[in-house]
Amino acid sequence: MAKVHVRTTINGEEKEFLCEPADSLLGALRDAVGLTGTKEGCTTGDCGACSVLMDGRLVPSCLVLAAEVQGRTVTTIEGIANGHALHPVQQKFLEHGALQCGICTPGFIVAAKALLDTRPNPTEVETRYWLAGNLCRCTGYDKIIRAVLDAAAALRPEA
Amino acid sequence: MKDFKYVGTRPIRHDGLDKVTGRANYGADFALPGMLYGAVLRSPHAHARIVSIDTKAAEAMPGVKAVITGDDIPENFAKVAIGGEGTFDMHDMGDNALAHGKALYNGHAVAAVAAVSLEAAQEAAVRIEVVYEPLEPVLSIDRALAADAPILHENLVEGQGPTNVAARMELKRGDLDAGFAEADVVIEREFRTPMAHQGYIEPHACVARYGEDGRVLVWCTTQGPFLVRDACAAILGLDGSKIKVISSEIGGGFGGKIPVYLEPLAIALSRKANRPVKMVMTRDEVFRATGPTSGTKVVMKLGAKRDGTLVAAHASMWYEAGAYRGSPFGAGAMCCLAAYKIPNFFIEAYDVVVNKPKVAAYRAPGSPASTFATESLVDEIARTLGLDPIDLRLKNAVAEGDNAPYGPAYGPIGLKQVLEAARNHPHWTAPLAPNQGRGIACGFWFNAGLSSSATVTLDGDGSAAVVTGNPDIGGTRVAQALMVAEELGIPVDRVRPIVADTDSVGFTDVTGGSRVCYATGMAVIAAARDVCDQLRARAAKIWDIDPASVEWEDGRAVPPDGADGRGPLTVAELAAKIGHTGGPIVGRASVNAPMAGPGFGAHICDLEVDVETGRSIVVRYTAIQDAGKAVHPDFVEGQMQGGASQGIGMALNEEYIYNASGVMENAGFLDYRMPVASDLPMIDTVIVEVPNPLHPYGVRGVGETPIVPPLAAVANAMRDATGIRFTELPLSPPRVLEGLSARTTEDRDAWRPSTYQAV
Amino acid sequence: MQTTRYEAPESVAAAVRLVDADPGAKVLAGGTDLLIQFRAGLHRPTAFVDVKRIPELVDIAVDRDGVRLGAATAAAVICEHAEMRRLFPGLVEAVQLIGSTQIQGRSTVGGNLCNASPAADTTCALIVNRAQCIIAGPRGERTVAVEQFCTGPGKTVLQRGELLVSIRIPRPSPGTADAYLRLIPRSEMDIAVVGAAVSLTLGPDGVCTAARVAIAAVAPTALLVPEAADALIGSRLDEAALRGAANAASAAARPIDDKRGTIAYRRQVAGVLTKRAAAIAAERVKGRI
Amino acid sequence: MATVHLPSGLTQHTGGVDEIIIDAPRVRELMLALAERFPGLAGQLDRMAVAIDGDIYHDAPYHKLTPTSEVYLVPRVGGGESFDQRLSHI
C-alpha cells in the first residue's frame, strides 16, 4: 500500500514526511521526523506522555493518525522553549524539582503550557483536573502542581 | 554534626534541562543502523503445557529475519550471585523470559520474532502456531495451598510430594502463650492485598546488537546495567566480559526494572538475524508480563495490656510469588513488627507460587502488605483501649539499642522523633468535616548497602566529574554532585555527574533498595576525599613540605601554622598547576556497604467518604520520615510524596483483576487505576534528620519507606470516617459500599470476599 | 501487512460514497475509541475515513429551535461554546467527562454515540434532552431519536453506507434544565461505573411539569426510565419524590458484574445518582427563574 | 570470639540452640565453626546475611570479630528481592 505523503508545520518549521496510513502521529514524530521528546507510555490515550499541540489544541499524539496533520500545525516538547529561553513552565519544573525520572515531563510541560495559554490564572483544582490525563508515578504530583502554578504567576504581567 | 555548605541545598539537577526539553534519551529513544524490530508471542493461557510450536509460517512472512522459541534459550541451572545481594536463579529468569514446555501465566513469553518493521514482527508473531494443553490455573493463595491444587512446578517438592509452597521462614521471640495471657485486649484479623504494579510510565525497552566477534552491545532502560550484563550472560551462556550494557535514562522502575525480560530475547534474535534488534513492550505487556508485587494474605493477632503496652503478636503470612518462587515474604515477616518492642511474638511466612506473573521488587517489597496488618491492628487496639494512636505507638516504639524482630539491635533510629513530629504537626489536630476520618500509620524499611564504585576526576580548570554506575531515577546525579562539591569545596555546577556504562565504571549494584545516595554516596565521598588527599600532596609539593602537615579545609589546602606566610591554595589554584605537580588527578573508591540506617516514617491521612456511593478521596495528607540527612531536600520530599501516592493507590483503587481463567482483565492505565493529579491533595512533608553513623553525612535511604505507611493510614482513616475496619484492599467504592451496607450486621468484621477477583 | 487507506473527504456526499463503496471502511471522528480498538487488533478497517474536514460535521449551529451539533465536533469545542453551556449544562458536563483534557481535544459526541458503549457519558444526557440523530446515507437523510440509535454494546442503527452527520437538540422549554452525574472510582480518567442524566421542567410554582431520566452502564444500552420521571412529575422534588425516582432508576437497572462494578453496586448507585442529578437540575432551574 | 544468635527457623538444625558463643577471629571462621558444630546448618548458612553489632553485611567473611561482638544470622534481604530459597527453612 502506498505511503501517505504529509506536509505539515512542526514547531514552526515546514516538514514533510512519509507514513503508513495507520501510523500514529506519535510514531511519525518519533521515527519519521526524529523528535523523540514526545514519549510513548500506553498508546491508549491514558497516560499523557505523548501530549502535543495540534493547531494549538492539546491532543494525545498516540490517538491521532499521522496523516491527519496534513496542513495543520504541531507543537511538541522540542518547540516549547523560545530559542535558548526556556518556557516558564520548563524553568519552574527545574526550580521546583518537579520531575524525578522525567519520562512524563515532556507531556506535562506541553499540557501545562496549553493550560496557561488559555487560563492565565488557574486554581490548584483546575490545574489538577486539567492535568489529570498526565500520569506521573514518581512525584505524587505535588511539585508538578506547584511548578505550574508558579509558572502561571511568572507569566502574568506584574500587578 | 558538621555544617554543610552544599549538602542540604536545592540546586537544579544537572540532567534537568535535557528532561524538560525532550532531549533526554530513554529506553525507546535509541536506534542503530539496520535495526530490526522485535515482537513477542505470549501465552493466552494462565497455565498450559506447550505441546508444540510451529514457526514455519512466521518465518516465511516477508520481512521476518529471525524467530526464536524456548529452544533458543537453553534451560540452564546457573545461580548467579550478584553483588552479594543474593543469588538470582537463572533457570527461572531464563524460563520467564521465554517459556520451556509450560506457560505459567497469561502473558508468558512463548516465542519472539525480529522483522524489518514492528508491524511485520507483530503480524508474524501471531502466525506462530502453538498447540497448548490448558491446565487448571492456580489463581489464589487459598487455591495454591489446597490439597488438590494443580502443581506449577513438579520439581518443587516438600516432604511427601510436590507443592506450591516454595519456602517458609519464621521469626520468634519470647513465650507467645505467656504473652497473650498477659494481654487485656487481643485482636485478630485476616488481611488481604491484591497484586499491584509499580506502574512506571516508561515501558521496558532495549536495543541489542550481537557482533560477528561475539561482542554484544545492549542499550536498555534498567535499574541495574551490571545485572543486565550478568543475567544475559548466564541465561544465554555468553561470556559476560563481551557484553557491554549502556543504561538509558530510565522512566521509572520502583524495583520493576531490576529483572531482565526483553534483553535476552533481543540478543538472541540479533545473534540469529545478524542485525541489531529493538524491542519495546506495550503497556499491556508491561502489566501482564513484568513483575508486580505479591498479592498477600496475612493473619495477625496482637495483644496489649490496658495501658497500651504491646505484649504479644502472632502472624502468619502468605505471599504470591507469581509463576516462580521468590516473593518478598521474608521481608514481609521481618518488617511487620519492626517498629515496636514486643517481647513475645511468632511470625511465619510462606512463599507461594501461583499462575500470575513472577513478582519483582516493588518499593520496600513485602513491607506494605504485612505492615498494613500491623498498623490496622495497632489502630484497633488504640480504639479499643481509648488511647491516642500516636501515644500508643510512642509507648511501644523502638529506639536505639532495642532489638529488631529479625535479631540485631538498632543503632540510632528516628521512629520516636518521627512520631513526635506527627503529634506536633498541625494536621494531627486540625478539625474534620462530616464524613471525614483521620488515620495514622508507621512504616519501616531496612535500606540496602551493597557494592558501588565511583571515580572523581579533576580538570585543570578546577571542575570535576563524578562517574558512577547507577541509572538516575530520581535525582541521584545531583545528589552525588552535591557530595563532591561538599568535599572539594567547589560549586555544584562545577561538578559533572555521569552515569557510565558497564565498561566504564567499576561494578555497581542496582539503583534500588534506597541505596544510591547512601552506598554509592559513600563511594563518591571517598573518591572525592581521595582527590583531596592528592591535592594536599600537590600543595605540599608546591610548598616543599611534608604532605602529612597539610590540612584540607573548606575546599582549600592549608599549610601548617608558621609556614612562611604561605596562604592556603584553593582547588582552582591547585588545579591550574596540575600539569606541573604530577599530572591529572583521579580519585577512586569502591564500597560494599552494610545494610544499615533503617528508615522509619509515619503518615497522616484524612479521607472523605461518600457514604451513599462508597467513593472516597484523600483530602489531606502528611508524610513524615527520618532521612538521616537530606542531601537534596527536593528529591527527598519527592520520594516521600511519590511513595505516599503509590501507597494511596494501593489502598484505594489499584489491583490486578483476573477472570476465572486467569486472564488479566485490566492490563492498561484505564482500568488499573493509579492516582491522577485530581485524586490527590498536596502532600505535606516533614523531614526528620537522625544521622546514620555509617554514612559520613548521616544519610539513610529514603526511597522505599514512604510506600509502607499509606495502606493502613488510609484504612485507619476509613475506619475513623465510617466505623468500619476494612481488612482487604483496595478500598474501591463497591467494597466500601458493601461494607457500609453491612455495618449493622454481625458480619461487619468478617473478611469480605473480593469485589472483583475471581477466586 | 497493513492494507489500510486514509481518506479525508470534504463533503458528506463524498464521505457517504466512500463508506458505501467499501464496507470495510471505518469513519474516523476523534479516534479515541476507534484507534485504540484498531491497535488492539479488534478490527482491521480497509480505510479510515476522516470526517473532520467536512465543515458541517465539525460545527455547532444555534437557532430558534435549538442546536445542531456536528457529529465530529471535538468535546473541547463543545465545552468552550457559551451557548451550549447555557442551554445544556448537564449535556456539557457529560461531554466534559469524556476522558482527559487531551482526549477532549479529539473525542466527539458522534463518535461517543457510534461507539455505542453502554457506559458512554453523553448518550444519557442527549436522551433526556430529546436529541435526534441526523443520518446521511446513499438513499438520503433520515432521523432517529438518540434513545433508538444504539441497539446494543458496539451496535447502532447505522446501515451500510450511512454516516452520523449531526445531532439536533431542541431548545429547552422555559423552566427546564438538565444535569448529568457519573460514578467513577477516581476523579478522572475512568469509564462510568454508573451514569445518570435528568432533565426537568418546573412550573412557576416549583412543581415539576415534565421530566426525563436516563441511566448509563446498567444495561446493554443507555436506558430511558419513564418510571423515574413519573416519580418526579407533579412533585416539588421533595425527598419522597427524589427517593421514588431513585428507586425507579434502581429497579430499571439491569446491570452486569464486571471489572468496573458489581450488579448490586450499580443498581444502588443508579438510584443515588438519579436523585442527585434531579436535585442539581432543579437547582439549575431555580437559578434561572 | 562472638555471641551468635540463630533465627528460630534454623534451630531445627541445632537441637534447639538459638544462642552460642563461638571463638572465631572473623566471620569466615565463625561460619566454619558453626557448620562443624551443627552439620545440618552447612547448607543454610550461605543463605544468611550477618548482622554484626547491628549492621547487616551480605558479604563480609573477613570482617573481624571482637569478644563483645553480637552476631545475628539474618535472612538476606537486598534492594528488594529475596532469592534462592527453594525449599528452604530459614
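How many nonpolar, polar and charged residues are in the lining of the largest cavity?

## Before we start

This is a predicted model, where local features need pLDDT of at least 70 and side-chain atom pairs count only at pLDDT 80 or more, while totals for chains, interfaces and linings use all residues; side-chain values use heavy atoms, with hydrogens and water left out. Residues are numbered from 1 along each chain as its sequence is written, and chains are lettered from A and ligands numbered from 1 in the order in which they are written.

## The largest cavity

Back to that lining: it has 14 nonpolar, 15 polar and five charged residues. Here Ala, Val, Leu, Ile, Met, Phe, Trp, Tyr, Cys and Pro count as nonpolar, Asp, Glu, Lys and Arg as charged, and the others, Gly among them, as polar. A cavity is a set of points on a 1 Å grid over the protein atoms alone where a 1.4 Å probe fits but cannot get out, and lining residues have an atom within 4 Å of a point.

The largest cavity has 34 lining residues, and T476(B), S514(B), Q639(B), V702(B) and G703(B) lie nearest its centre. Two or more residues each come from α15 (476-488), α16 (516-543) and α19 (633-652) of chain B. The top contributor is α19(B), with three residues. Helices (H or I, at least four residues) and strands (E, at least two) are DSSP runs, numbered from the N terminus.

## Rings that pair up

Over all chains, the whole structure has 19 aromatic pairs. Rings of Phe, Tyr and Trp (its six-membered ring) pair if their centres lie within 6.5 Å; planes under 30 degrees apart count as stacked, over 60 as edge-to-face and the rest as tilted. Take W318(B) and Y350(B): their ring centres are 5.7 Å apart and their planes are at 10°, so this pair is stacked. Since W318(B) lies in strand β18 (residues 310-322) of chain B and Y350(B) in strand β19 (residues 344-353) of chain B, the pair ties together parts that are 32 residues apart in sequence.

Both W318(B) and Y350(B) are buried, meaning under 20% relative accessible area (1.4 Å probe, protein chains only). Y656(B) and Y658(B) make a tilted pair, 6.1 Å centre to centre with 40° between the planes. Y656(B) and Y658(B) are buried too.

## Charges over rings

W318(B) turns up again here: K297(B) lies over its face, at 5.1 Å from the ring centre. The charged end of R271(B) sits over the ring of Y210(B), 5.7 Å from the centre. The rule is that NZ of Lys or CZ of Arg is within 6 Å of the ring centre and within 35 degrees of the ring normal.

Technical notes
1 Å grid on protein atoms, 1.4 Å probe; cavity = no way out; pocket = protein on both sides within 12 Å on 5 of 7 lines; lining within 4 Å. Buried < 20%, exposed > 50% of the residue type's maximum accessible area, 1.4 Å probe, protein only.
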